[in-house]
Amino acid sequence: MKKIISLAALLVPLAVAASAQSAEKSVIHFALNQDIRSSQPGVNRDGNTDDILMHVVEGLVGYREDGTVGPMLASGWKMSDDGKTYTFTLREGVKFHNGDPVTAQDVVWSWKHWNDPKTQWRCLREFDGSGLIHVTSVSAPDDKTVVMQLEKPVALFLDSLARTDCGAAAVISPKSVDAQGKWLKPIGTGPFIFNDWKHGEYVSLQRFADYSALPGKPDGFVGGKKALVDEVRFMAVPDAATVKAGPQSGAIDVAQVSPVDASDLKHNPQISIEVAPNAQRHGLLIQTNDPLLKNVKLRQAIASALDTQQIALGTSQNMATPSNSNISTASAFYTDVEKKGYQYDPARTARLLKEAGYKGETIEIIANKRSTVPSFDMAIIIQAMLQAAGMNAKVSTMEWATQLERYQSGRYQTMTFTYSARFNPALAFEQIVGDKSKQSRKVWDDPQAIKAAESLNYLTDKTQVQSVVDALHKQMIEQVPLIFFYPGLDIVAHRKTISGYKAWLAAAARLWNVSKS
């Protein structure tokens with residue numbers, strides 16, 4: 001007979017352990033929904049792995065709060081006139097966790113390590129010419145200068161270096177591996193040291209006393225980072241009910257939670273809730289190759305039949321910032337143009353349905369019931385609104401794996417869907433724009449949109465980028481290949497003994513500049 005472990009049985013030892021540790025040193029306990037996959041940045045990774053290791057390692061550059069790229073281990077960089085050579089100058093006084101000074105030669109060694117096929121770095125193909133970027137050489141003319149040469153100019157180069165799923169192309173000590181090249185543990189430059197990993201239970205990070213912080217305020221993954229506690233302990237707590245109970249009992253200090261759980265926890269006087277829009281996007285995909293939905297007037301009728309603001313608020317416990325844009329509301333590229341979207345207009349819907357020649361054909365909405373996304377709730381509300389407008393909408397629920405296969409193959413009429421986070425507009429539009437005959441997963445294959453989206457890969461001037469982003473937004477609203485309702489949410493519950501924690505665009509844990517009283 002399978003043994004059932006009660007919620008109390010799980011929380012009591014956690015609370016006792018937390019109390020004992022707190023008496024000796026300051027420790028923040030952060031709940032993860034599952035254990036990490038490895039200790040090597042960008043290798044055998046997932047979101048939890050990225051979150052933890054970004055406290056330990058840093059790259060030449062990193063993402064700011066608004067999704068733009070800023071300097072981290074580099075004090076700055078220069079790009080050649082032809083856009084093919086980047087010269088980085090390293091900051092003074094930066095040390096690895098073992099006390100060794102960081103040199104340009106360490107940057108070259110790290111780059112070779114990540115780009116060795118034996119390492120199995122997730123982002124090898126991002127830089128080896130398989131895609132847009134081909135880094136042809138990395139050299140160190142002196143201890144403080146790193147030169148990276150590209151085959152051709154690509155505006156996404158710095159963004160790609162900053163990506164957290166790439167481990168920010170971390171600069172690590174060569175002593176992170178043994179004499180045979182076998183991985184030991186990350187010896188990085190971040191505010192915390194990788195201390196102990198008890199598989200299936202927790203990962204412990206210790207404060208790095210000799211951390212060299214950038215001046216000024218913290219800014220995303222860059223800026224003035226400081227470790228204000230002795231230890232950060234990331235605890236694997238896969239049960240959502242246990243995560244919710246943890247901040248109430250004191251066993252957990254900080255946890256990312258769902259909108260529903262946050263709505264309950266906010267009534268607890270010992271708990272604070274932090275909410276910020278992230279770079280995910282929740283919406284309704286529309287198959288423009290479908291015999292029925294290839295008619296743009298029918299797609300426009302669907303858009304005007306939906307009160308997109310109510311869908312956003314109703315599926316987020318009123319926490320969302322409604323937006324029909326493919327750019328997050330927290331992005332530096334979200335302007336007044338992106339604020340303009342679809343208008344709920346029943347009279348226009350009726351007129352467009354007549355012009356489209358709609359005769360009551362079924363419109364299927366595919367959804368899934370994963371608790372981490374609002375897919376099913378969005379589908380039910382959309383169905384009700386379309387039916388109220390005279391459309392024969394039905395919802396079909398599927399396992400996520402099945403829905404994902406349908407998405408990848410383009411076999412659907414409509415489906416509620418959540419796009420993973422992309423900070424750079426070029427990457428955000430790459431997710432949705434493209435030739436469907438070559439990539440079935442693409443949603444919007446208008447030739448003009450494809451040309452504009454591809455141009456973003458090569459633009460470095462922010463004004464030019466904004467102009468293209470604005471034009472794409474206007475065209476998307478007109479052609480309705482999909483309908484976005486709101487960006488995802490980074491929702492964090494923490495005990496009021498925790499100060500300084502902020503939710504943000506990347507929805508990633510940041511426990512530097514966070515204290516515990």
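The structure is a predicted model, in which local features need pLDDT of at least 70, side-chain atom pairs count only at pLDDT 80 or more, and totals for chains, interfaces and linings use all residues. Residues are numbered from 1 along each chain as its sequence is written, and side-chain values use heavy atoms, without hydrogens and water.

Helices (H or I, at least four residues) and strands (E, at least two) are DSSP runs, numbered from the N terminus. Axes are lines fitted to C-alpha atoms, for helices over the stretch in contact, with angles from 0 to 180 degrees between N-to-C directions.

| Helix pair | Angle | Axis distance |
|---|---|---|
| α8 and α11 | about 160° | 8 Å |
| α14 and α16 | roughly 30° | within 11 Å |

Helices α8 and α11 are therefore roughly antiparallel. Their contact (heavy atoms within 4.5 Å) involves residues including L298 and A301 of α8 and L352 and L353 of α11. It comprises seven nonpolar, three polar and three charged residues. Nonpolar means Ala, Val, Leu, Ile, Met, Phe, Trp, Tyr, Cys and Pro, charged means Asp, Glu, Lys and Arg, and the others, Gly among them, are polar.

The angle makes α14 roughly parallel to α16. P425, F429 and I432 of α14 meet V465, V469, L472 and M476 of α16. This contact has seven nonpolar residues, no polar and no charged.

Terms used
Angles under 35 degrees count as roughly parallel, over 145 as roughly antiparallel, 65 to 115 as roughly perpendicular and the rest as oblique.
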